[in-house]
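This report describes selected features of the structure shown below, with attention to its secondary structure and to backbone geometry in loops.

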Amino acid sequence: MNRAKYFAFLVLSLLPLEPITLAEGVYCAAGDSTNTKSSAQPTTSIGGYGNAFYQRDVDNKTAMMDLERVVLFVGHEFSSRTSFFSELEMEDAKVSGGEDGGEISFEQAYLQIRIDPTHSISAGLFLPRIGILNENHLPTEFNGNERNQVETFIIPSTWRELGIGFYGSLSSVPASYSIALVNGLSSAMFEHGSGIREGRFEGRNASANNLALTGSMRFFLQNTVIGVSGYYGGSVGLSPRQADSLQLESGIFGTPVIVGESHLEYESEGFNLKVLGTTVSIPKASDINRAYANNTPLLEYGAYLEIGCDLFQNIYRVAGQQLIAFLRYETLDMNAEIPSNGILDGTLKQRHIVCGLNYLPMNNVVVKVDVRFAHTGNQNPALILNPSPVAVPYNVDNTFFNLGLGFSF
Amino acid sequence: MERREFLKSTCTLCLLAASGISATALSSCASIPIYETTVHNDTLVVPVNLFSKQTIQIVRGSDLEYDIALERRTDGTYRALLMECTHAHNPLTFTGNGFFCPLHGSRFDENGEVTHGPASMPLAELRTQTEENDVVIMLY
């Protein structure tokens, strides 16, 4: 199916089977409906978010601008117990046949069945509860123009897969939990320099020979949220015969990828703190490298600490607006440990310091300005197969200036 | 020490610290009571004596889509907030001093006011009235 047909199919699949009338309760997502009763009429809600930014690579003296993403959220409540949620995303503004760049994809598309007000089952394409950013990634809700590097490359947000999940809250303590069974990753698609990110299927023709289990616990302690989550999944979706020929372990959890993560968020009176740490372990990375030569690491890790303060709440007292000053420190290593057949790449050991301002003239509209100071290890000449005679020396230090806009509704 | 061992021990330490903090904090945190009842004539009836030990009570009505946070205020009146996110109508989680929506991250304070978007409308407040030893929540 070509891209135009695929897009048309996606758009048509979003449309309701019957025309929606006001009598059926169509309202904007921020509406004031109070459907307390199980006999509520079917309702459709619409929302969305997007962001665009300018980035100046100070050291290389280049600059770019991009409408990074625009996402349309459509939800429909069939009954008090059954709902549909979706997010259709367009990245980089344009998709054109035969050209690189741009992407149209569903970020989420799932049915939710509520067992009671605090327990539900989700089935379809959804975002497993791993880390802070994966579920809550609206540009008005995170600091800086760029999503943090740790939750982009170590936890490959936004990480969505097909499967079924159970979500609930405890009644004895203020805590919620989730457990989900989703399709696994494809180690054949892992790419050097991006961790496990390219191994995601994101709902497209996912192999179901290998699966993954993921679970999370989140504790709410007034202004503090403490979360832990884990992921254990197979990364070889081949038939046993094919896997044997590549000397790879197949099966549901064959050639596993293990992700662990914990985080803490604190928010009070305009002050915000986020701390997150995560590791990715691939014990049979050596087998993957032997089969696919993609320089898969044994171990990756990442951590960040971010503090933010709303100056309009704490210093200048401007009602209805926010001016958030923030500072984030990130450290990550996408080849913290490599197998004997791997090649160490110093550039994948990184440190980033990001500082900037988010100005929200009203709720859900943001203007962002920030600077990211990036530092990496040295380039490994063994990884440059055909060195260009005119290549400029690799900079281990680089500075990026970002200016952008974001919205959500 | 090998890097792998260092990472393992650091992660274990972090998890132990996190679980220690959680356990300490949770032990000092009162459990959230849920009072289950049935809907009669579009009303929910909640006994006043439930508030002898706490000021807030989560009320769950049969067949209702959302729980209700019923708070006894210092002046003796009651406030009932519908635990439905005003952004995308997802059920909310009570955090001890407010409400959190896991779907898009909206937060509301104990008065139902938005403290963190994308929600922009406060939580719906339901009418209440006190009748002898009960609080009646009106769903209409």
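Helices and strands are DSSP runs numbered from the N terminus, a helix (H or I) having at least four residues and a strand (E) at least two. In these terms, A:Thr158 belongs to the loop that separates α2 (150–154) from β7 (161–169) in chain A. The model discussed here is predicted.

**Chain B: overall composition**

Chain B contains one helix and twelve strands. Along the sequence its elements follow the pattern α-β-β-β-β-β-β-β-β-β-β-β-β. Chain B has 140 residues, of which 37% count as buried. Among its contacts between residues at least 6 apart in sequence, 39% join residues at least 24 apart.

**A three-stranded sheet in chain B**

Three strands of chain B form an open sheet with the order β2-β12-β11 and antiparallel pairing. Because β2 (43–47) and β11 (128–131) of chain B stand at the edges with a single partner strand each, one side of each is left without a neighbour in the sheet. From one strand to the next, the twist averages 25 degrees. The antiparallel pairing of β2(B) with β12 (residues 134–138) of chain B extends over five bridges. Within this sheet, B:Pro47 has B:Asp134 of β12(B) as its bridge partner.

**Backbone geometry in loops**

| Site | Feature | Value |
|---|---|---|
| A:Ser157 to A:Thr158 | cis peptide bond, omega | about -5 degrees |
| B:Gly117 to B:Pro118 | cis peptide bond, omega | near 15 degrees |
| A:Asn364 | positive phi | near 75 degrees |
| B:His89 | positive phi | about 65 degrees |

The cis bond of chain A leads from A:Ser157 to A:Thr158, the latter being the loop residue placed above between α2 and β7.

A:Asn364 is situated in the loop between β15 (349–362) and β16 (365–376) of chain A. B:His89 occupies the loop between β5 (78–82) and β6 (93–94) of chain B.

Technical notes. Residues numbered from 1 in each chain as written. Chains lettered and ligands numbered in written order. Predicted model: local features only at pLDDT ≥ 70, side-chain atom pairs only at ≥ 80, totals over all residues. Pairing = 2+ DSSP bridges. Axes fitted to C-alpha atoms, helices over the stretch in contact; angles between N-to-C directions. Buried ≥ 20, exposed ≤ 12 C-beta atoms within 10 Å, placed from the backbone. Contact = placed C-beta atoms within 7 Å.
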